[in-house]
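Dear colleague,

I am handing over the structure we spoke about, and my notes on it follow below. Please have a look at it before you read on.

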Amino acid sequence: MSNSSNTLIISNQTITNATFDLLIHSIKNATFRNCTIWRGVINIKIHSLTRHIEFIAVDFNKSYSFDIFDCPNLQYIKFENCKTNGLTNLSKMFHNCSNLQTVELINFDTSYVSSMAYMCYGCSSLKQLDL
């Protein structure tokens with residue numbers, strides 16, 4: 001894990017808590033790279049300063065739900081080459097992220113997802129989402 005110039009990078013870690021909270025007050029950018037996130041529901045609670053977050057080659061196969069919600073200043077999120085076979089519930093994934101403008105989904109498989117209810121509710125700045 002490294003932290004410099006308002007950027008948090010978490011690499012090659014296994015995050016095993018049922019709820020992972022990213023509440024670091026000075027972080028504006030966060031990257032999770034080659035991590036495994038597991039044990040049920042993953043709630044990412046991002047501090048209001050965070051504007052940019054990336055998940056690159058992250059294994060979500062041991063999780064069944066993933067939420068990033070109530071992040072009023074989040075503008076950009078990227079999922080690239082993530083393992084998503086275990087994700088079945090993306091309800092409220094970006095709920096109330098009112099300034100979210102860009103969601104990049106690169107090799108993000110949603111074929112196992114059974115619910116996307118209210119996925120982008122309150123995302124008034126998001127113009128397009130290709131699932």
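A residue is called buried here when its relative accessible area is under 20%. Glu54 has a relative accessible area of 14%, and therefore counts as buried. Please keep in mind throughout that this is a predicted model.

To begin with the overall picture, the protein has nine strands and zero helices, so that its pattern along the sequence reads β-β-β-β-β-β-β-β-β. Buried residues make up 41% of its 131 residues, while the accessible surface comes to about 6600 Å², with 45% of that area belonging to carbon and sulfur atoms. Among the contacts with a separation of 6 or more, 53% are between residues 24 or more positions apart.

The largest nonpolar core holds 26 residues, of which Phe55, Phe66, Ile77, Phe79 and Phe94 touch the most other members. Two or more residues of this core come from each of strand E4 (29-33), strand E6 (52-56), strand E7 (59-68) and strand E8 (76-80), and E7 gives the most, with three residues.

To return to Glu54, this residue is found in strand E6, and its side chain makes a polar contact with the side chain of His52 (3.2 Å). When its neighbours within four places in sequence are left aside, Glu54 is in contact with Ala30, Thr31, Phe32, Tyr76 and Lys78. As for Ala30, which lies 24 residues away from Glu54 along the chain, the C-alpha atoms of the two are separated by 6.4 Å.

With best wishes

Key: Residues numbered from 1 in each chain as written. Predicted model: local features only at pLDDT ≥ 70, side-chain atom pairs only at ≥ 80, totals over all residues. Heavy atoms only, no water. Helix = DSSP H or I, 4+ residues; strand = E, 2+ residues; numbered from the N terminus. Buried < 20%, exposed > 50% of the residue type's maximum accessible area, 1.4 Å probe, protein only. Contact = heavy atoms within 4.5 Å. Areas by Shrake-Rupley, 256 points an atom, 1.4 Å probe, with all protein chains shown as cover. Core = buried A, V, L, I, M, F, W, Y, C linked by side-chain atoms within 4.5 Å. Polar contact = N/O pair within 3.5 Å; in protein donor to acceptor, adjacent residues only side chain to side chain.
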